[in-house]
Structure formats: structure tokens, C-alpha cells
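Please consider the sequence and structure below.

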Amino acid sequence: MQVNELSQSISHELNFLLYSFLLGIVITYFYDNIRIIRRIIHHNVFFVSLEDLIFWVVVSLSIFILQYYENNGVFRWFSIIGALLGMVLYKVTLSEFYVKYMAKLLKILLTCLFRICSFLLRPLFFAEYQAKRGIGFFCRKVYRIAAHQKNRLTMHAKLIKITLCKHHQRKDNAHEQKNSDS
């Protein structure tokens, strides 16, 4: 009976080690997806740091959840070593191949998608161009009319000033002649 309990305990520990190993592979796989995104969309240092912070918080929580549910919250170093072994095995075998070719594939797909969208949206771009041209033509026409009206108003204002000055001078001259005659 004790042998059976011992083998169950060893079986449980081996399952726990296997889960840790698989968790290490999954962690590295998700980080490789972040690396692929970084190759496609370049990030500045702030966003890289933010992504890494979020990633490691999620990793820490996943390791804690594994420890909590599979080992009743008891921290076991061999589970961390199992996760590290899973990370190293994935990194050595599949990681570079996956990142390199998946990034290339996604770049090609995004380029094709961009070309298709730009082709499909070409009539809208043309309509926008024509609308801008029409609005520009209309604005230039309004500006020319407004400038012409401004010039006409300025000219009329000057004529009115000249007329008022002449009228004022005549009045002053007439008043001076009246004063000199009297």
C-alpha cells in the first residue's frame, strides 16, 4: 500500500515537472510572438520596456498559478528548473526558425494586404483628390473675388476721402473769402 502511495506521489511530481516544462515552452513561444511583432512594427524603448514588464508579470502569475494548483502553493525549485529547461529546449530548437520565417511571412501578408487595400481604396483617394481640387478651386475663386471687392472698397473709400477733403477745402475757402470780404 505504501508503494502505491509512493508511486502516486512520484507520478504527481513527474506530472508537475512535465507541466512546468510545458509552461516554459509556452512562455518562450509567447515571447517569440512579441519578438515577431517587434520585427514587423518597430518600437521605441518605452514600449519595449512596457511590453516586457507586462509579459513578465503575466509569466510570474502563470508560474504562481501552476505552483498553487498543481502543488498546493508549495514552491518547488525543480518546477522552475523544469520551466527553464522547457524554455532552453524551445529556444535552441524552434525559436529562431519560428521567429525568422513567421516575421517574413507576416511582412509579406501585410504588404499584400496593404497593396490590396490601397488598390481597392484608390477610387476613394481619387475622389478625395478631386474634392480637394474642387474646394481649392472654389477657395481661390472666393479669395480672388474677395480681393477684388476689397480693392474696389478701398478705392471707393479713397475717393470718398478725397471728395470730402475737397468739399471741406471749398467750404474753408468760401468761409475765408466771406471773412475777408466783410
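Asp52 and Arg38 are both buried (under 20% relative accessible area, with exposed meaning over 50% and partly exposed in between; 1.4 Å probe, protein chains only). The two residues form a salt bridge, with their closest N and O atoms 2.7 Å apart; the term denotes a side-chain nitrogen of Lys or Arg within 4 Å of a carboxyl oxygen of Asp or Glu. Because Asp52 lies in helix α2 and Arg38 in helix α1, the pair ties together parts that are 14 residues apart in sequence. Helices are DSSP runs (H or I, at least four residues), numbered from the N terminus.

The model is predicted, and local features need pLDDT of at least 70, side-chain atom pairs count only at pLDDT 80 or more, while totals for chains, interfaces and linings use all residues. Residues are numbered from 1 along each chain as its sequence is written, and side-chain values use heavy atoms, leaving out hydrogens and water.

By this rule there are five salt bridges, including those tabulated here.

| Salt bridge | Closest N to O distance |
|---|---|
| Asp52 and Arg38 | 2.7 Å |
| Arg35 and Glu96 | 3.2 Å |

Arg35 and Glu96 link distant parts of the chain, 61 residues apart, in helices α1 and α3 respectively. Arg35 and Asp32, by contrast, are three residues apart in helix α1, so about one helical turn separates them. Arg35 counts as buried at 17% relative accessibility, and Asp32 is buried at 1%, whereas Glu96 is partly exposed at 42%. Through shared partners, salt bridges join Asp32, Arg35, Lys91 and Glu96 into one network.

The largest nonpolar core has eight residues: Phe16, Leu23, Ile27, Ile34, Phe55, Val59, Leu66 and Met87. Such a core is a set of buried Ala, Val, Leu, Ile, Met, Phe, Trp, Tyr and Cys residues joined through side-chain atoms within 4.5 Å. Helices α1 (2–40) and α2 (45–71) each give two or more residues to this core, and α1 gives the most, with four. A second, separate core of five residues includes Ile36, Tyr90, Val99 and Ala103.

Leu23 touches Ser62, Ile63 and Leu66 (heavy atoms within 4.5 Å), not counting residues up to four places away in sequence.
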